Amino acid sequence: MQDYLDYIYPMVPVIHRPSFQNAFRNDQDRDDDGFLALTVAIAALVVATMARRFHEYQSDTRTLRYNSRKEFVHACYKKAMGLRTSTYFDQLSFQKFAVSYLFQASFLQLGDHNWSRMLSVEAMQLARLLKLHQISDYNGLNCIEAQLRKKGFWLMFYTFVHAHVQNLQGERLAFLDPVLLDSINPEDLMPLEVDDELIFESSVLAAAGNESSLVTGFIIHSRVFWAAIRDPVLKPTGGHCPCVRVKDCDTQINHFNERLHCLQDLATHIPPSFQPWTATQEGANDDDMDNDKKIAQSQFASIQANLHVTLIWLQSLILDQLEAAQSHYQHDPSLTEHPAIMDQRSIWIEREKLCRQLFFILFNFPRLSIETNGLHLANKVRDVVASLIGCPFHPDDPLSKQASEYVQLSTDILSRLDSSEGINTMHLQTWIDTDRVHG
């Protein structure tokens, strides 16, 4: 539990830290089935995310023996399911959503995508029933619960965007439909920019000084995900629905260009305390710090790594989509006259620029800040580098040579980052329709 609070919590803040710590110290609360399920789910996420920590747990004489992280996570899930009664879904709570979300994230961190898909549907259903997306339904919630639900909405929104940009098999259900998405003002659902220790049931204290909090990084990360598919400010006319864009190539190209420019603009306006060079500078001089300061610094570095890799990854995916949309014009004589068209060389120069930024983070950030992001980060790195494989230029072209060098360099990086215990199957169909199997 302490490893979750120290390392994973900044990226997955599904608890109110002071309340959780008080409940964990209280024997009566700790024996509650709902709280027990939550702690088991948290344990699953920590082990699934941080492979090195699992090996340390195995050497502890008090630890139950499991041969692999996958075995441990499935044992945790079985334990949590055993705590459910026949009336489990008759009463809903954020805690029940958190348990489903944590297990969905745990299986995803393991690379067990089929289990993750199924559990994401349960988390999605609970989020919809709790109306995490509807700010008008927050009336009557205390300050702690409102903050938790806002964070829960954005965690589900991250999942929604992942499905939106990566749903290659067309099998993933969506947390939001276009009508609901159009009705949401993202700023309404942003968490308060204060740490948990300043939030009580009936009041919220003001933060002292101008220092950034962990929530600041969470908010910036949320705005990045929103900007990947929508304008940051809710416009009275709204944007074009995906069903309209898919039939109109010009609209689709304009949409991808807008999203790309919006993400680039966000990157330049990130506060200095969350810029990537801050983590590399601070990480070099931490020998004289006490443990609490080291942990705080590590938490900020983990958020920074997550934020900047996500920014790079989303831009890379949008470039892929833009290039695919522009292929409609590849034999069109008016190609060079189209105002929104990016020529192929410009796209590849932009891809290499993104790769340089990515390698800066991977080589210069503290190792722990990379590890605490787990397989999520490795998958994003793989997606960014994979976009360089199909370089269309002559092998002797400087762009082709650079792309080849980056792909080779990424092989060693991914061998260290990818902590899954199986083959990466995110973009493959790994389920079997038994009714279609014959002899």
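A: The model is a predicted one. Leu-92 sits in the loop that runs between helix H6 (69–82) and helix H7 (94–110). Together with Phe-89 and Leu-129, Leu-92 makes up a nonpolar patch on the surface, and the accessible area of the three together is about 270 Å².

Lys-131 and Asp-137 form a salt bridge through their side chains, with an N to O distance of 3.8 Å. Lys-131 has a relative accessible area of 34% and is partly exposed; Asp-137 is also partly exposed, at 32%.

Another salt bridge links Arg-52 and Glu-371, whose closest N and O atoms are 2.8 Å apart. Arg-52 belongs to helix H5 (residues 51–58) and Glu-371 to helix H17 (residues 367–371), so this pair ties together parts that lie 319 residues apart in sequence. Arg-52 is partly exposed, with 41% relative accessibility.

Glu-371 also meets Arg-367 in a salt bridge, at 2.9 Å from N to O. These two residues, Glu-371 and Arg-367, are four residues apart in helix H17, which means that about one helical turn separates them. Arg-367 counts as exposed, at 55% relative accessibility. The structure holds 17 salt bridges.

Notes. Residues numbered from 1 in each chain as written. Predicted model: local features only at pLDDT ≥ 70, side-chain atom pairs only at ≥ 80, totals over all residues. Heavy atoms only, no water. Patch = residues over 30% accessible without salt bridge, like charges linked within 9 Å, V, L, I, M, F, W, Y side chains within 5 Å. Areas by Shrake-Rupley, 256 points an atom, 1.4 Å probe, with all protein chains shown as cover. Salt bridge = Lys/Arg side-chain N within 4 Å of Asp/Glu carboxyl O. Buried < 20%, exposed > 50% of the residue type's maximum accessible area, 1.4 Å probe, protein only.
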